[in-house]
Amino acid sequence: MNLKKIKFCPVCGAKLISTQTKATDLSRPTCSHCQFVFYQNPTPTVIGIIKKNSQLLLIKRNHSPYRNFWSLPGGFVELTQNLELALQAELQEELQATIKSTTYFGSYVSQYKLQGIVEAIVATAFEVKLTNYDFKLNNEIIAADFFALDKLPKLAPFLDVQAIIKQLKKPL
Ligand SMILES: [Zn+2]
């Protein structure tokens, strides 16, 4: 996996060398001078599963990557946020929607590619009930609409979104 290209030690500035660890079999960049180990962890994101009359809310992206593709609403967790707060902030920002309740749905290993850098992601999805469904869209999204699960438009090929859709389509 082509993860973040970190080349130099953030402590002493010497070159980092890739070192295989026995415990996890992962390759960890380790400093050639001070032995600092650069642990690479996934970046947390949140995804909202919002339904109305058993139809699923999708948003059409207005930015890279996958501009003009449909996806599930959500985004990155900012430094001071927990997952629920991050999801509320995203839904407020994108749709001016307020969360009434969240139920944990699942978590997914994914990737986010931007400008040649591949970010490792762990996405947490929640089923969300809102207090309002009269959305006002910001400029990050072109459209927001509810779709029947068997009539979905062209979705962005994010691993997490694809896995969630597959899980939603599975008969109970
Ligand atoms: Zn160092």
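What percentage of the 172 residues of the protein count as buried? The share is 21%, where a residue is called buried if 20 or more other C-beta atoms lie within 10 Å of its own, exposed if 12 or fewer do, and partly exposed in between, with C-beta atoms placed from the backbone. The structure is a predicted model, in which local features need pLDDT of at least 70 and side-chain atom pairs count only at pLDDT 80 or more, while totals for chains, interfaces and linings use all residues. Residues are numbered from 1 along each chain as its sequence is written.

The overall layout comes first. The C-alpha atoms of the protein fill a box of roughly 60 × 30 × 30 Å, taken along the principal axes. The domain assignment, which is of an automatic or database kind, gives domain 1 as residues 1-40 and domain 2 as residues 43-169. The C-alpha centres of domain 1 and domain 2 lie 32 Å apart. The secondary structure comprises 2 helices and 9 strands; helices (H or I, at least four residues) and strands (E, at least two) are DSSP runs, numbered from the N terminus. Read from that terminus, the order of elements is β-β-β-β-β-β-α-β-β-β-α. Two residues are in contact if their C-beta atoms, placed from the backbone, lie within 7 Å. Of the contacts with a separation of 6 or more, 60% are between residues 24 or more positions apart.

The strands may be followed through β4. Two strands are said to pair if DSSP finds at least two bridges between them. β3 and β4 pair in the antiparallel sense over 2 bridges, and K51 has L56 in β4 as its bridge partner. These two strands form a hairpin with 2 residues between them, and N53 in the turn has a positive phi of about 50°. L56 also has a bridge partner in β9, namely F147; β4 and β9 pair in the antiparallel sense over 6 bridges. A further 2 bridges join β4 to β5, again in an antiparallel arrangement, and here K60 stands opposite W70 in β5.

The loop between β4 and β5 holds R67. R67 counts as exposed because it has 11 C-beta neighbours inside 10 Å. Leaving aside residues up to four places away in sequence, R67 touches R61 and N62. R67 and I141 are 74 residues apart in sequence, yet their C-alpha atoms are 9.0 Å apart in space.

Helix α1 covers residues 83-95, and its 13 residues should span 18 Å at 1.5 Å a residue; the end C-alpha atoms are 18 Å apart, which agrees. The expected span here is 1.5 Å times one less than the number of residues. The buried residues of α1 are A86, L87, E90, L91, E94 and L95. Seen down the helix axis, these residues fall within an arc of 125°, so they line one face of α1; the arc is that of the directions from the helix axis to the C-beta atoms. An α-helix has 3.6 residues a turn, so residues three or four places apart point the same way. The buried residues of α1 pack against β3 (43-52), β4 (55-61), β6 (74-76), β7 (99-114), β8 (117-130) and β9 (141-147). After the helix comes Q96, with a positive phi near 55°.

Helix α2 has D160, V161 and I164 as buried residues. Viewed down the axis of α2, they fall within an arc of 95°, so they line one face of the helix. K166 and K169, on the other side of α2, are exposed. The buried residues of α2 pack against β3, β5 (70-71), β7 and β8. Y108, in strand β7, counts as buried because it has 20 C-beta neighbours inside 10 Å. Among the residues that Y108 touches are D160, A163 and I164.

A nonpolar core is a set of buried Ala, Val, Leu, Ile, Met, Phe, Trp, Tyr and Cys residues joined through C-beta atoms within 7 Å. The largest one has 24 residues, of which V46, I47, I49, L72, A125, F126 and I164 touch the most other members. The elements giving two or more residues to this core are β3, β4, α1, β8 and α2 (159-169). Apart from residues up to four places away in sequence, I49 touches L72, F105, A125, F126, E127, V128 and I164.
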